[in-house]
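Please keep the sequence and the structure at hand while reading.

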Amino acid sequence: MTIGFSSRAVRSTCVLCAAGLLTLMPAAAAARAERPDPRPPGGAQAVSPQRAVLYRSGTQVRPRPGAPGVPDVSALSWVVADAGTGDVLAAHDAHRKLPPASTLKTLFALTVLPVLPGGIRHEVSAGELSGIGPGSSLVGVVEGGTYRVSDLWNGVFLNSGNDAVHVLASLTGGWRATAARMQAEARALGAFDTHVRSPDGYDAPGQVSSAYDLAVFGRAGLRNPDFARYCAKVDALFPGQDGEAYGIMNTNRLLTGADGVRPYPGLIGVKNGYTSNAGNTLIAAARRDGRTLVVTVMNPQEGGGHAVYEEARALLDWGFEAGDRVDPVGTLVPASARPPQGPEAVPATVTTARPPRDEPGWPETGAIVGVAGLGAGAVAFVLRLKLVRVERG
């Protein structure tokens with residue numbers, strides 16, 4: 001792996017990676033047990049009556065006098081939430097477990113973005129592109145090509161490139177380790193419906209999420225400046241094989257207005273997805289008059305491939321119009337997601353290691369070894385670096 005750091009910058013790189021590991025500690029501790037039960041941890045009786053409403057089937061809304069009617073949409077599951085307060089304004093089968101397709105890349109980004117500086121340059125190996133599922137969306141990463149991490153993130157967010165996801169996952173411990181860390185991150189955020197099997201969102205047995213969890217991921221992502229910047233991009237340049245960059249465009253048509261879909265005023269992202277098993281899925285966020293809404297739509301049953309955008313449009317319009325004329329039916333910040341208190345909140349050990357200075361190749365080579373978490377839930381990975389030159393600009 002080639003990256004753009006001088007030997008003087010090694011210390012900074014170690015600090016960045018260690019800091020990224022520290023962000024995983026609460027998540028790793030939270031990942032000790034799978035929760036196949038569709039109810040909240042401990043059962044619906046363990047949460048307030050208001051929060052338990054979201055575990056009921058059907059459409060949930062609490063209108064006040066004068067509130068507009070909820071639009072009739074065909075999606076199997078959807079959520080409308082206020083990104084600022086976390087209030088869920090309305091929902092339909094919010095915790096129904098369904099395949100998420102590429103909207104799961106939002107959880108991948110939440111997990112991996114903090115530990116990979118965007119300026120790192122990496123030469124891709126053949127092994128990093130192995131195992132990509134047939135029919136996957138690709139941005140065009142090639143073996144032997146050199147890419148900045150920021151290029152790869154453009155490929156993830158704009159082109160939904162599974163090839164870019166595979167390379168980024170290889171840089172932070174590999175496919176299985178990344179899936180485990182994503183699972184831990186979901187639990188730390190209070191997203192208990194999500195079960196990660198393939199970090200790129202490609203259909204895999206047992207891989208599910210929910211409209212509620214996707215809203216949690218979208219809201220959390222908007223609070224990360226890098227995530228928010230990537231997911232709002234309409235287009236970007238991507239390095240080509242011949243050294244010439246080519247243009248890529250965001251596949252979120254509600255953002256770009258492509259293929260006859262009208263762009264939504266004030267849209268700021270987040271991520272769309274499609275597989276034959278999941279159907280069309282979408283996390284959409286828009287800002288209007290100082291308020292930001294997050295809408296998730298999973299698998300519309302009518303209207304064709306663009307229905308996911310039109311149903312999200314209708315739900316966003318309703319949410320902005322309803323404003324304060326509805327009472328929340330739940331929240332995206334359940335008590336189960338609060339940081340642990342007491343002995344379990346003690347930070348785990350983070351260790352850095354490097355070859356002795358008399359070892360051939362130092363300071364060109366180095367390693368950062370991290371352990372995050374406690375007990376059986378600990379997560380560990382190794383990030384190996386080859387330091388070649390400083391990338392400026």
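How many residues does helix α10 have, and what distance does it reach from its first C-alpha to its last? The model is predicted. Helix α10, residues 307-322, has 16 residues and reaches 22 Å between those two atoms, close to the 22 Å expected at 1.5 Å a residue.

**Surroundings of helix α10**
- Because 12 of the 16 residues of α10 are buried, the helix is largely enclosed by the rest of the structure.
- The buried residues of α10 include Tyr309, Ala312, Arg313, Leu316, Trp318 and Phe320.
- Gly323 follows α10 and has a positive phi, near 50°.

- Leu254 lies in helix α9, residues 253-256.
- Leu254 counts as buried because its relative accessibility is 0%.
- Leu254 and Ala312 are 58 residues apart along the chain, and 8.7 Å separates their C-alpha atoms.

**Packing of helices α3 and α5**
- The axes of helix α3 (residues 105-112) and helix α5 (residues 162-171) come within 12 Å and cross at roughly 30°, which means that α3 is roughly parallel to α5.
- The crossing of α3 and α5 is left-handed.
- Lys105, Phe108 and Val112 of α3 make the contact with Asn162, Val165, Leu168 and Ala169 of α5.
- The residues of this contact between α3 and α5 comprise five nonpolar, one polar and one charged.

Key. Residues are numbered from 1 along each chain as its sequence is written. This is a predicted model: local features need pLDDT of at least 70, side-chain atom pairs count only at pLDDT 80 or more; totals for chains, interfaces and linings use all residues. Side-chain values use heavy atoms; hydrogens and water are left out. Helices (H or I, at least four residues) and strands (E, at least two) are DSSP runs, numbered from the N terminus. The expected span of a helix is 1.5 Å times one less than its number of residues. Buried means under 20% relative accessible area, exposed over 50%, partly exposed in between (1.4 Å probe, protein chains only). Axes are lines fitted to C-alpha atoms, for helices over the stretch in contact, and angles run from 0 to 180 degrees between N-to-C directions. Angles under 35 degrees count as roughly parallel, over 145 as roughly antiparallel, 65 to 115 as roughly perpendicular and the rest as oblique. A crossing is left-handed if the near helix is turned anticlockwise from the far one by less than a right angle, and right-handed if clockwise. Contact means heavy atoms within 4.5 Å. Ala, Val, Leu, Ile, Met, Phe, Trp, Tyr, Cys and Pro count as nonpolar, Asp, Glu, Lys and Arg as charged, and the others, Gly among them, as polar.
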